[in-house]
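Please examine the structure shown below before reading on. The briefing that follows is arranged by topic.

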Amino acid sequence: MRKMLVATAVLLAAATGCGSGGSGGAPKDDTPKIPRTASGSLEHLAKEVGCRPDIQTDAADIRQANCGSGDGRYILATFTTDTGQAQWFDEANDYGGVYLVGPKWIAVGGAAQLTKLRGRLGGTLERPDSHHTGSSGGGGHEAG
């Protein structure tokens, strides 16, 4: 079940242009200030970013919702334990992509969308190693 949830989240990210591409070279002045990292329930996090969450998974250890539409679409997932979040993220490692990670929550979407969310929720942008992209190495994170 968890692998299906991870795969669904990653497929959504791919469909919304979650590549590492972009124009690059943007002036640092355009970088949003990163607030203190948010915490709380799925509904609380969704409210912080102006999302009406469409709950897709409501299980004992994970709650997951779709937010936004079109190119602005993303997934918010909350976890009851740090261990559950770590296991989910380890499985996501097989798919690559970009993730916004906070305490017991992860957002999955396009890089531009996650940058905007980071300006509201704080957190760390994570790019796990991928076994499917053909690239070597490349995992990492941006601390905030």
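The structure is a predicted model, in which local features need pLDDT of at least 70 and side-chain atom pairs count only at pLDDT 80 or more, whereas totals for chains, interfaces and linings use all residues. Residues are numbered from 1 along each chain as its sequence is written, and side-chain values use heavy atoms, with hydrogens and water left out.

**Helix H3**

- Helix H3 covers residues 82-92, and its buried residues are Gly-84, Gln-85, Trp-88, Phe-89 and Ala-92.
- Seen down the axis of H3, these buried residues fall within an arc of 130 degrees, so they line one face of the helix; the arc is that of the directions from the helix axis to the C-beta atoms.
- An α-helix has 3.6 residues a turn, so residues three or four places apart point the same way.

**The protein as a whole**

- The protein contains four helices and seven strands; these are DSSP runs numbered from the N terminus, helices (H or I) having at least four residues and strands (E) at least two.
- Along the sequence, the pattern reads α-α-β-β-β-α-β-β-α-β-β.
- The protein has 144 residues, of which 40% count as buried.
- Among the contacts with a separation of 6 or more, 55% are made by residues 24 or more positions apart; a contact means heavy atoms within 4.5 Å.
- The accessible surface is about 8,000 Å², and 49% of this area belongs to carbon and sulfur atoms; the areas come from the Shrake-Rupley method with a 1.4 Å probe, and for residues only the protein chains shown count as cover.

**Arg-118**

- Arg-118 lies in helix H4, which covers residues 111-121.
- Arg-118 counts as buried because its relative accessibility is 7%.
- A polar atom of the Arg-118 side chain lies 3.1 Å from the backbone oxygen of Gly-123.

**Two loop residues**

- Asp-71 is placed in the loop between strand S2 (62-67) and strand S3 (74-79).
- With a relative accessible area of 68%, Asp-71 is exposed.
- Asp-71 and Gln-113 are 42 residues apart in sequence, and their C-alpha atoms are 8.1 Å apart in space.
- Lys-104 is found in the loop between strand S4 (99-102) and strand S5 (105-109).
- Lys-104 has a phi near 60 degrees, a positive value in a residue other than glycine.
- Because its relative accessibility is 33%, Lys-104 counts as partly exposed.

Methods. Buried < 20%, exposed > 50% of the residue type's maximum accessible area, 1.4 Å probe, protein only. Polar contact = N/O pair within 3.5 Å; in protein donor to acceptor, adjacent residues only side chain to side chain.
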